[in-house]
Amino acid sequence: MLDNANDGSNSKSMSIIATKGSLDWAYPPFILGTTAAAMDMEVTMFFTFYGLELLKKDMNLQISTLGNPAMKFPMMGMHVGMPNIVSAIPGVDAGASAMMNNLMKKKGVASIADLREAAIESDVRMIACQMTLDLFEIKDTDLIDGVEIGGAATAIEVAGKSDINYFM
Amino acid sequence: MADQTLDAKGLNCPLPIIKAKKALKGMTPGQSLAIESTDPGSVADFAAFCRQTGNELVSSDQAGDVYNFEIKKV
């Protein structure tokens with residue numbers, strides 16, 4: 001593990017802590033993780049709190065327009081936002097998530113499932129946080145195969161040996 | 001003439017890079033991979049990819065909306 005860290009070779013290492021479980025926030029850790037792996041870096045991803053959603057066999061990731069004034073969809077030549085009072089109506093998040101998925105497909109953006117598959121294929125090490133698994137009563141059998149279980153000390157050991165550390 | 005061709009047209013970041021890496025993995029050193037992309041960001045990204053991985057960016061050109069790259073595997 002992390003044999004190449006700080007040894008002066010071209011090969012670098014990256015660790016990412018993923019704490020969020022919404023569709024939009026699923027992208028930064030998986031995009032950077034898979035790209036770093038493609039660039040020959042040794043990548044470890046540590047998933048905690050809502051980030052655990054990203055390791056579930058059945059992912060149903062959604063966005064919420066609530067409290068996000070920057071979220072605007074391109075529509076009929078305009079960019080349309082959502083007033084909070086509308087966002088709060090049941091079903092609006094699901095509708096907005098479907099719109100986001102369609103938009104991503106149209107623009108050739110990878111799905112999270114595809115990026116996660118690419119991460120697995122390129123031997124990205126994935127660690128699920130034991131404490132938040134307990135807290136949210138998520139069973140390790142709910143998670144995809146190949147995920148390690150670890151705690152804060154595991155995450156910090158990896159971070160200490162990595163050239164690049166991200167918290168997302 | 002490249003040994004292998006990758007059509008990454010219509011794909012957005014980071015898919016052209018990830019698919020190129022996958023293709024390079026299956027090739028032998030000295031072979032070259034031609035990539036077609038429509039992602040304008042791929043110009044900077046393939047240059048960075050090659051600097052980081054040590055593979056040689058033989059060429060990087062644009063023809064209309066399509067960006068053409070040739071990468072030689074080290």
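Modeller: A crossing of two helices is left-handed if the near helix is turned anticlockwise from the far one by less than a right angle, and right-handed if it is turned clockwise. In this predicted model, the term applies to helix 1 of chain A and helix 1 of chain B.

Colleague: What makes up the side of chain B that touches chain A?

Modeller: Twelve residues of chain B are in contact with twelve residues of chain A. On chain B, helix 1 (15-25) and helix 2 (42-53) each supply at least two residues of that side. Helix 1 of chain B gives the most, with four residues. The chain B side divides into six nonpolar, five polar and one charged.

Colleague: Which residues in helix 1 of chain B are called buried?

Modeller: The word requires 20 or more other C-beta atoms within 10 Å of a residue's own. In helix 1 of chain B, Leu15(B), Pro16(B), Ile17(B), Ile18(B), Ala20(B), Lys21(B) and Leu24(B) are buried, and therefore reach that count.

Colleague: What covers the buried residues of helix 1 of chain B?

Modeller: Both chains take part. The cover includes helix 1 (23-38) and helix 4 (112-121) of chain A, along with strand 1 (4-8), strand 2 (32-37), helix 2 and strand 4 (66-72) of chain B. Within chain B, helix 1 lies across strand 1, strand 2 and strand 4, at about 160° to strand 1 of chain B. Helix 2 of chain B lies across strand 2, strand 3 and strand 4 of chain B, at about 175° to strand 3 of chain B.

Colleague: Why are strand 1 and strand 3 of chain B said to stand at the edges?

Modeller: The sheet of chain B is open, with four strands in the order 1-2-4-3 and mixed pairing. Strand 1 and strand 3 (56-63) of chain B each have a single partner strand, so one side of each is left without a neighbour in the sheet. From one strand to the next the twist averages 15°.

Colleague: How do you know that strand 1 of chain B and strand 2 of chain B pair?

Modeller: Pairing needs at least two bridges. Five bridges join these two parallel strands, so they count as a pair. Asp7(B) stands opposite Glu36(B) in strand 2 of chain B. Strand 2 of chain B also pairs with strand 4 of chain B, antiparallel and over six bridges. There, Ser37(B) has Tyr67(B) as its bridge partner. Strand 2 of chain B has a covered face of Leu33(B), Ile35(B) and Ser37(B), while Ser32(B), Ala34(B) and Glu36(B) form the uncovered one.

Colleague: What is the strand order of the open sheet in chain A?

Modeller: Its five strands run 6-5-2-1-7, with parallel pairing. Strand 6 (148-150) and strand 7 (164-167) of chain A are the edge strands, each pairing on one side only. The twist averages 20° from one strand to the next. Strand 5 (residues 125-129) of chain A joins strand 6 of chain A in the parallel sense over three bridges, and one bridge partner pair is Cys129(A) and Gly150(A). Helix 6 (residues 152-161) of chain A packs on this sheet, touching strand 1 (13-18), strand 2 (42-47), strand 5, strand 6 and strand 7 of chain A, and its direction makes about 145° with that of strand 1 of chain A.

Colleague: What confidence values come with the model and with chain B?

Modeller: The model scores ipTM 0.90 and pTM 0.90. Chain B averages a pLDDT of 96, and 100% of the residues score at least 70.

Methods. Residues numbered from 1 in each chain as written. Chains lettered and ligands numbered in written order. Predicted model: local features only at pLDDT ≥ 70, side-chain atom pairs only at ≥ 80, totals over all residues. Contact = placed C-beta atoms within 7 Å. Nonpolar A, V, L, I, M, F, W, Y, C, P; charged D, E, K, R; others polar. Axes fitted to C-alpha atoms, helices over the stretch in contact; angles between N-to-C directions. Buried ≥ 20, exposed ≤ 12 C-beta atoms within 10 Å, placed from the backbone. pLDDT = per-residue confidence, 0-100.
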